[in-house]
Amino acid sequence: MSVAIIIISIMAIIVFHRWEFGISESVGIVVAIGLSVDYVVHLSASYIHSPMENRHSRMKEALTEMGTSILSGTLTTFGSGVMLFGG
């Protein structure tokens with residue numbers, strides 16, 4: 001549900017600004033979907049496989065275990081995207 005809301009929000013911004021929806025925008029939407037799902041799946045898999053008893057402890061362990069990897073992936077993805085704006 002949250003990924004759908006993000007994608008709808010991005011598409012609404014494109015429509016609101018009257019930007020043309022071309023190939024670059026289509027690729028950007030697909031990449032945004034992929035990245036959103038990728039990060040959520042890694043975090044939720046870590047949560048589900050946690051041996052902890054309660055919700056708070058499971059979430060804390062999932063964030064501790066996968067948080068660094070997810071943050072690193074976010075930063076490298078952002079850095080790669082910044083390089084695409086140079087040309």
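The radius of gyration is taken over C-alpha atoms, and the globule rule is 2.2 Å times the number of residues to the power 0.38. In the predicted model described here, local features need pLDDT of at least 70, side-chain atom pairs count only at pLDDT 80 or more, and totals for chains, interfaces and linings use all residues. Residues are numbered from 1 along each chain as its sequence is written, and side-chain values use heavy atoms, with hydrogens and water left out.

The protein chain has a radius of gyration of 16 Å, whereas a compact globule of 87 residues would have a value near 12 Å. The C-alpha trace spans about 50 × 30 × 15 Å along its principal axes. Three helices and zero strands are present in the protein chain, where helices (H or I, at least four residues) and strands (E, at least two) are DSSP runs, numbered from the N terminus.

Of the 87 residues, 13% are buried; buried means under 20% relative accessible area, exposed over 50%, and partly exposed in between (1.4 Å probe, protein chains only). Among contacts (heavy atoms within 4.5 Å) with a separation of 6 or more, 32% are accounted for by residues 24 or more positions apart.

Ser50 lies in the loop between α2 (23-48) and α3 (55-84). Because its relative accessibility is 7%, Ser50 counts as buried. When neighbours within four places in sequence are left aside, Ser50 is in contact with Arg58 and Glu61.
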